[in-house]
Amino acid sequence: MNLPRMRLAATAAALALMAGCAQSPERQALMSEAQRTVPVCDGERDCTAKWEAAQLWVVRNAGFKIQTVTNVLIQTFNASNHSIYLAATITKEPQGGGRYRILSSFGCANMFGCSPEPARAIIEFNRFVAAATP
């Protein structure tokens, strides 16, 4: 391959990579919804109910078994072997006055995507946990 063709190929590859990094309006809407729906608990009874709901959601929906559960962390085993299935990390972060935000993070080990898509999983998780009552 001659030098101008190599430069053209490299430029095309770089542009394709940058285009892949740009967020579509749909992706931006999903991320906004995920941030808007973060569950919040208030007080011991409410937080216990929501934390149990978080564990239940992970058991039912993550592609990997839970590895660690504490009063502030739920974490599955890491995604591996190019898996499309979700691994999860859930944290309960103090906001003061007995209030906590329950934040979720999902990902997989497949460069072509996960099933379900992590932003959609966050929204489903948020809705499920927020609906839990003592």
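Start at the hairpin of β4 and β5: select Gly97, which has a positive phi near 65 degrees, in a hairpin with 2 residues between the strands. Strands here are DSSP runs of E with at least two residues, while helices are runs of H or I with at least four, and both are numbered from the N terminus. Before going further, keep in mind that this is a predicted model: local features need pLDDT of at least 70, side-chain atom pairs count only at pLDDT 80 or more, and totals for chains, interfaces and linings use all residues. Residues are numbered from 1 along each chain as its sequence is written, and side-chain values use heavy atoms, with hydrogens and water left out.

**The strands**

Now colour β4 (residues 87-96) and β5, which pair in the antiparallel sense over 9 bridges. Two strands count as paired if DSSP finds at least two bridges between them. Pick Ala88 and you will find Phe106 of β5 standing opposite.

The term salt bridge is used for a side-chain nitrogen of Lys or Arg within 4 Å of a carboxyl oxygen of Asp or Glu. For the cut-offs, buried means under 20% relative accessible area, exposed means over 50%, and partly exposed is in between (1.4 Å probe, protein chains only).

Then select Glu93 and Arg101, whose side chains also meet in a salt bridge (4.0 Å, N to O). Glu93 is partly exposed at 31% relative accessibility, and Arg101 is partly exposed with a relative accessible area of 31%. Elsewhere, salt bridges that share partners join Glu33, Arg36 and Arg127 into one network. How many salt bridges does a search of the whole structure find? The search finds 6.

**The disulfides**

Switch to the cysteines. A search of the whole structure finds 2 disulfides, a disulfide being a pair of cysteine sulfur atoms within 2.5 Å. Go back to Cys41 and follow the link to Cys47, where the S to S distance is 2.1 Å. Why is this disulfide right-handed? The torsion about the S-S bond of Cys41 and Cys47 is about 90 degrees, so the link has that hand. Cys41 and Cys47 are both buried.

For the other link, select Cys108 and Cys114, joined with an S to S distance of 2.1 Å. Here the angle about the S-S bond is -85 degrees, and the link is left-handed. Cys114 is partly exposed, with a relative accessible area of 22%. Counting bonded cysteines along the chain, the disulfides follow the pattern 1-2, 3-4.

**Helix α3 and Lys50**

Move on to helix α3 (residues 44-61), where Lys50 and Asp46 sit 4 residues apart, about one turn of the helix. Lys50 forms a salt bridge with Asp46, with the closest N and O atoms 2.7 Å apart. Both are buried, and Lys50 comes out at 7% relative accessibility. What does Lys50 touch, not counting residues up to four places away in sequence? Show Val40, Cys41, Ile102, Val129, Ala130 and Ala132, with contact meaning heavy atoms within 4.5 Å.

**Helix α4**

Finish on helix α4 (residues 118-131). At 1.5 Å a residue, the 14 residues should span 20 Å, and the end C-alpha atoms are 20 Å apart, which agrees. The expected span is 1.5 Å times one less than the number of residues.

Zoom in on the start of α4: a side-chain oxygen of Glu117 reaches to within 3.0 Å of the backbone nitrogen of Ala119. Then display the buried residues of α4, among them Ile122, Ile123, Phe125 and Val129. The buried residues of this helix pack against α2 (25-36), α3, β4 and β5.

Key: A polar contact is a pair of N or O atoms within 3.5 Å; within protein, one must be able to donate a hydrogen and the other to accept it, and residues adjacent in sequence count only if both atoms are side-chain atoms.
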